[in-house]
Amino acid sequence: MPRHSETRILPHSAAQMYALVADVEHYADFLPWVVAMRVRSDTPTETVADMIVGFKGLRETFSSRVIKEPGTRVTVDYLDGPMRHLHNEWRFTPTETGGCRVDFMVDFAFRSTFFERMAGQMFDRALRKMIAAFEARADALYGTGSLTSPTTVSPSTAG
């Protein structure tokens, strides 16, 4: 069961990073392996969506509930698909420099031992690529800001 926690200090405001993460409808525009998104319902505090992920000829659909606490937190909980469970949290805290601290955590397990083994072998690389995609999207939408580069504060991976 891969689990990962990481903290980053980014040059974007907490409101900007919250808006980016909460906008699940546009994940297919920038996230690797996300082939399509279908939003079933969307309110200011909750989104239910299906994500189609493709990798090397495999395609799977994941359904999740996204709980939004405007400007401060996004929590994703798994509803249906090939997983045993998935829980993901993003927390956004303003910094004195005008940027924000992003605390990120993901914990998941696949039902299939095949997918579980694949995830274990590729987890670190895939996670780094996804995090980099969020950072690049933030830079593209909001500019590079006043900080010269993102700072990683405390990554931890257990699996």
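A residue counts as buried when its relative accessible area is under 20%, as exposed when that area is over 50%, and as partly exposed in between (1.4 Å probe, protein chains only). By this rule F110, with a relative accessible area of 12%, is buried. The report below describes a predicted model, in which local features need pLDDT of at least 70 and side-chain atom pairs count only at pLDDT 80 or more, while totals for chains, interfaces and linings use all residues. Residues are numbered from 1 along each chain as its sequence is written, and side-chain values use heavy atoms, with hydrogens and water left out.

**Overall architecture**

The protein has two helices and nine strands. Here helices (H or I, at least four residues) and strands (E, at least two) are DSSP runs, numbered from the N terminus. Read from the N terminus on, the elements follow the order β-α-β-β-β-β-β-β-α-β-β. Of the 159 residues, 41% count as buried.

F110 belongs to strand β7. F110 and G81 are separated by 29 residues in sequence, and their C-alpha atoms are 9.2 Å apart in space.

**The second largest cavity**

A cavity is a set of points, on a 1 Å grid over the protein atoms alone, where a 1.4 Å probe fits but cannot get out; its lining residues have an atom within 4 Å of a point. Grid points are joined across faces, edges and corners, and a volume is the space filled by probe spheres set on the points. The structure holds two cavities of 30 Å³ or more. The second largest cavity has a volume of about 100 Å³.

The lining of the second largest cavity consists of E6, R8, L10, M17, W90, V102, F104, I131, F134 and E135. At least two lining residues come from each of β1 (3-10), β7 (100-110) and α2 (113-142).

**Aromatic pairs**

A pair of aromatic rings is described by the distance of the centres and the angle of the planes. Rings of Phe, Tyr and Trp (its six-membered ring) pair if their centres lie within 6.5 Å; planes under 30 degrees apart count as stacked, over 60 as edge-to-face and the rest as tilted. The whole structure contains seven aromatic pairs. In one of them, the ring centres of F30 and F134 are 5.3 Å apart and the planes stand at 80 degrees, so this pair is edge-to-face. F30 lies in the loop between α1 (14-22) and β2 (34-42) and F134 in helix α2, so that the pair links distant parts of the chain, 104 residues apart. F30 and F134 are both buried. Ring pairs also connect Y18, Y27, F30, W90, F92, F104 and F134 into a cluster.

**Salt bridges**

Side chains of opposite charge can pair when their charged atoms come close. A salt bridge is defined as a side-chain nitrogen of Lys or Arg within 4 Å of a carboxyl oxygen of Asp or Glu. The structure holds ten salt bridges, including those in the table.

| Salt bridge | N to O distance |
|---|---|
| R40 and D50 | 2.8 Å |
| R73 and E69 | 3.8 Å |
| E89 and R91 | 3.4 Å |

The salt bridge of R40 and D50 joins two strands: R40 lies in β2 and D50 in β3 (residues 46-55), so the pair ties together parts that are ten residues apart in sequence. R40 is partly exposed at 47% relative accessible area, whereas D50 is buried at 6%. In the third, E89 is buried at 17% and R91 is partly exposed at 37%. Salt bridges that share partners also join E6, R8 and E135 into one network.

**Two individual residues**

T7 is placed in strand β1 and is buried, with a relative accessible area of 5%. A polar contact is a pair of N or O atoms within 3.5 Å; within protein, one must be able to donate a hydrogen and the other to accept it, and residues adjacent in sequence count only if both atoms are side-chain atoms. The side chains of T7 and D103 form such a contact, at 2.5 Å.

Most residues other than glycine have a negative phi. W33, although not a glycine, has a positive phi of about 75 degrees. W33 is found in the loop between α1 and β2 and counts as partly exposed, at 24% relative accessibility.

Notes
On a 1 Å grid over the protein atoms alone, a cavity is a set of points where a 1.4 Å probe fits but cannot get out, and a pocket is an open set with protein on both sides within 12 Å along at least five of seven lines; lining residues have an atom within 4 Å of a point.
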